[in-house]
Amino acid sequence: MEQQLRTMQSEMDRTIQSVTDMKELDAIRIKYLGKKGELTVLLKQMGKLSAEEKPVIGKIVNETRAHFEDALQKRQAELKQAADTVRLEKERIDITVDRPAFRLGHRNPLQKTMEELEELFISMGYRVEEGPEVELVENNFDKLNTPLHHPSRDLSDTFYFSENTVLRTHTSPVQVRVMMRQEPPIRMVCTGRTFRFDDVDDTHSPMFHQIEGMVIDKNISMANLIDTLNVFVKRLLGEHTKTRFRPHYFPFTEPSAEVDVSCPHCHGDGCAACNFTGWSMELLGCGMVHPNVLRMCGIDPDVYSGFAFGMGIDRITMVKHGIPNIRLLYENDQRFLEQF
Ligand SMILES: [Zn+2]
């Protein structure tokens, strides 16, 4: 019997080690320790043993049983850990997974030019004002002394929302709004989008951007206007830049002028870029605010006078960066924008 027990013990050890899941392990437990299990049966035969054999065999049986239960428990723990490892691996979230990089946008050169211009005028003591893009006809035309027959009021040139509202055709109505609510002295600039009915080509777009400025105070003259714009142009394009004021007509200023600047390539000597004129671009329009405009906006032209000027930001941006086509400014193509 002792031999039988020793054989059983080594057999148990082997089977337990070969088991790969809980079900098999349970089957083995029943095989040895169940009601009809091999060890149970052996125990039942103990009664037939002699008085001398009983304590010796009894001790071995107990040892075998304890050893078996130990082995079962150990194997059970091992199997459980293996199962956990498999489950954890299966449920693992790979936080190092390679996702496509988030693309940050890029500022449009138009926006940058607009901010540069604003900064320039802020440094000269101007305030930046804003106004709506959908504007009253009254502010866009009437209060700016634009006669009813003026071509800019035509339906084919302007986007009308209704009889009384338009998409503003210039940023000048912002000046009207400021004059209506503020007593002089006024020293302001405004930038923003403007709209005119225009077919798209390399240099035209139905949407474009302007910056306009206005100064109203006592004793403001054309000399102040010319000096201010000369300072501005030199700061924008360089100290060597010269200006040329040509008489022009605008309904809201009198007298009015257009301003050319000297060619940045030849500094006025004449070259192919400027058609050998020495002058490159017509940069801005300006003039003394018309007394009718002042009066309609509640300012007494006998006490105050002022000047105003305006220019296209798209054009300045294109000339500054050598951009050949205005469409590029609006397409928001990253390959274009990233160059600035
Ligand atoms: Zn030139």
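Me: How many Å separate the centres of domain 1 and domain 2?
Reply: 98 Å, taken over C-alpha atoms. This is a predicted model: local features need pLDDT of at least 70, side-chain atom pairs count only at pLDDT 80 or more, and totals for chains, interfaces and linings use all residues.

Me: Which residues does the domain assignment give to each?
Reply: Domain 1 is 2-91 and domain 2 is 109-337. The bounds come from an automatic or database domain assignment. Residues are numbered from 1 along each chain as its sequence is written.

Me: OK, strands. In what sense do E4 and E5 pair?
Reply: Antiparallel, over 10 bridges. E4 covers residues 186-195, and E5 covers residues 207-217. Strands are DSSP runs of E, at least two residues, numbered from the N terminus. Two strands pair if DSSP finds at least two bridges between them.

Me: Which residue in E5 is the bridge partner of threonine 194?
Reply: Phenylalanine 208.

Me: And E1 with E4, parallel or antiparallel?
Reply: Parallel, over 3 bridges, with E1 at residues 127-129. Valine 128 stands opposite valine 189 in E4.

Me: New topic. Where is proline 251?
Reply: In the loop between strand E6 (243-250) and strand E7 (253-262).

Me: Why does proline 251 count as partly exposed?
Reply: Because it has 16 C-beta neighbours inside 10 Å. Buried takes 20 or more other C-beta atoms within 10 Å, exposed 12 or fewer, and partly exposed is in between, with C-beta atoms placed from the backbone.

Me: What does proline 251 touch, leaving out residues up to four places away in sequence?
Reply: Leu144, Asn145, Thr146, Pro147 and His150. Contact means C-beta atoms, placed from the backbone, within 7 Å.

Methods
Helix = DSSP H or I, 4+ residues; strand = E, 2+ residues; numbered from the N terminus. Contact = placed C-beta atoms within 7 Å.
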